[in-house]
Amino acid sequence: MASKKLEENLNLLRKIKLQGVDEIIGNSPKNRLKSNITEDKVNLNKNDKNSNQLNNISSLPDLKAVDSLDDLKDYMSKFKGCELYKSATNMVFSDGNKSSEIMLIGEAPGHDEDIQGKPFVGRSGKLLNKMLEAIGLSRDTVYIANIVPWRPPNNRRPTEEEINICLPFIRKHIELIAPKVLMLLGSTATYALLRNKEGITKIRGKWVDMEFGKLKVPTLPSFHPAFLLRQPAQKKYSWEDLKMLKKKIDES
Ligand code: URA
């Protein structure tokens with residue numbers, strides 16, 4: 001009995017590690033077995049049944065003819081290749097200033113975003129607003145989009161398959177906005193674009209040069225505001241990242 005429980009706990013830890021979480025950073029222990037949300041959150045890993053299986057997808061996005069934000073939005077709103085649209089209330093395309101030099105990318109819409117059709121309008125959005133204000137920015141001076149534009153049911157993390165299907169959308173989106181700097185909010189956005197092997201705690205706070213078509217963009221991975229709401233002690237690292245972002249824009 002005891003060894004079965006131990007094995008279950010070890011399996012859970014292995015899953016969490018595969019997700020890229022390889023450091024213990026909380027101030028106090030947390031019972032992760034209590035909530036099944038944790039299980040959902042571990043979907044983005046190689047154990048995912050749908051991982052890398054793109055064979056059964058009838059249509060991947062073909063964006064060759066798309067050369068404006070309106071075209072992209074129109075194409076995405078008609079796209080049926082990602083099942084998430086079926087359970088979503090609204091497609092969440094973007095918010096903010098299309099001419100901004102700063103683009104922020106999150107994971108996927110949650111409940112409030114799904115209802116309002118805008119990214120980061122719920123609790124984590126409120127924190128994001130405060131973070132932006134702390135470096136003299138606002139919703140009107142940045143541009144915000146997500147890796148996946150439809151809410152995954154029960155706010156689960158998007159699967160690798162969903163991410164791979166939607167990836168051409170966000171890549172094209174970045175190309176069309178052509179920001180001077182990109183900030184990736186959280187491990188899903190970071191993994192989707194960088195395919196990093198190390199976890200977000202290791203990769204955050206370091207600039208990475210990324211290419212989108214002919215565009216080269218310095219890109220900064222950082223923590224997701226929802227993570228900061230759960231782990232306020234980590235805010236000091238986000239503050240470092242925000243200062244790096246501000247410095248980069250001031251220099252450019
Ligand atoms: N979390 C995200 O990653 N994106 C949103 O739009 C809202 C919450």
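Which residue follows H8, and is its phi positive or negative? I looked at the end of the helix and found Arg195 there, with a positive phi near 55°. I note at the outset that this is a predicted model.

**Entry: overall content**

I counted the secondary structure of the protein chain and got 11 helices and 6 strands. The chain has 252 residues, and 36% of them are buried. I then took the contacts between residues at least 6 apart in sequence; 74% of these join residues at least 24 apart.

**Entry: the sheet**

I traced the sheet next. The 6 strands form an open sheet in the order E1-E3-E2-E4-E6-E5, with mixed pairing. E1 (95-96) and E5 are the edge strands, and each pairs on one side only.

I went to E2 to see how it is joined to its partners. E2 runs parallel to E3, and 4 bridges join the two. I looked up individual partners in E3: Leu104 is bridged to Ile144, and Gly106 to Asn146. E2 also pairs with E4, again in the parallel sense and over 4 bridges. Met103 stands opposite Leu182 in that strand, E4.

I recorded the antiparallel pair as well. E5 (residues 208-212) and E6 (residues 215-222) pair in the antiparallel sense over 5 bridges. Met210 is opposite Val217 of E6. The hairpin of E5 and E6 has 2 residues between the strands, and Gly213 takes a positive phi near 60° in this hairpin.

**Entry: burial of E2**

Are the faces of E2 covered or open? I checked residue by residue and found both covered. Ile102, Leu104 and Gly106 are buried on one side, and Met103 and Ile105 are buried on the other.

I listed the contacts of Ile105, leaving out residues up to four places away in sequence. Ile105 touches Ala145, Asn146, Ile147, Ile170, Leu182, Leu184, Leu185 and Ala189.

**Entry: the nonpolar core**

Which members of the largest nonpolar core touch the most other members? I found Met103, Leu104, Ile105, Ile147, Cys166 and Met183, out of 43 residues in that core. At least two residues of the core come from each of H3 (69-78), E2, H6 (123-134), E3 (143-146), H7, E4 and H8. H7 gives the largest share, 7 residues. Nonpolar side chains tend to be buried together in soluble globular proteins.

**Entry: helix H8**

I returned to H8 (residues 187-194), which is mostly covered, with 7 of its 8 residues buried. I wrote down the buried ones as Ser187, Thr188, Ala189, Thr190, Tyr191, Ala192 and Leu193. What do the buried residues of H8 pack against? I found E2 (102-106), H7 (160-177), E4 (181-185), H9 (200-203), E5 and E6. I then took the angle: H8 lies across E2, E4, E5 and E6, and runs at about 125° to E4.

**Entry: the ligand shell**

I listed the residues surrounding the ligand: Gly106, Glu107, Ala108, Pro109, Gly110, Glu113, Pro119, Phe120, Ser124, Asn146 and Ala226. By class, the shell divides into 5 nonpolar, 4 polar and 2 charged residues.

**Entry: two single residues**

I looked up Asp112, which lies in H5 (residues 111-116). Asp112 counts as partly exposed because it has 16 C-beta neighbours inside 10 Å. Leaving out residues up to four places away in sequence, Asp112 touches Val121 and Gly122. The C-alpha atoms of Asp112 and Arg123 are separated by 8.8 Å, at 11 residues apart along the chain.

Is Gly136 buried or exposed? Gly136 counts as exposed, because it has 10 C-beta neighbours inside 10 Å. I placed Gly136 in the loop between H6 and E3. I also took one C-alpha separation for Gly136: Lys246 is 110 residues apart from Gly136 along the chain, and their C-alpha atoms are separated by 8.6 Å.

Note on methods:
Residues numbered from 1 in each chain as written. Predicted model: local features only at pLDDT ≥ 70, side-chain atom pairs only at ≥ 80, totals over all residues. Pairing = 2+ DSSP bridges. Buried ≥ 20, exposed ≤ 12 C-beta atoms within 10 Å, placed from the backbone. Contact = placed C-beta atoms within 7 Å. Near = placed C-beta within 6 Å. Nonpolar A, V, L, I, M, F, W, Y, C, P; charged D, E, K, R; others polar. Core = buried A, V, L, I, M, F, W, Y, C linked by C-beta atoms within 7 Å. Axes fitted to C-alpha atoms, helices over the stretch in contact; angles between N-to-C directions.
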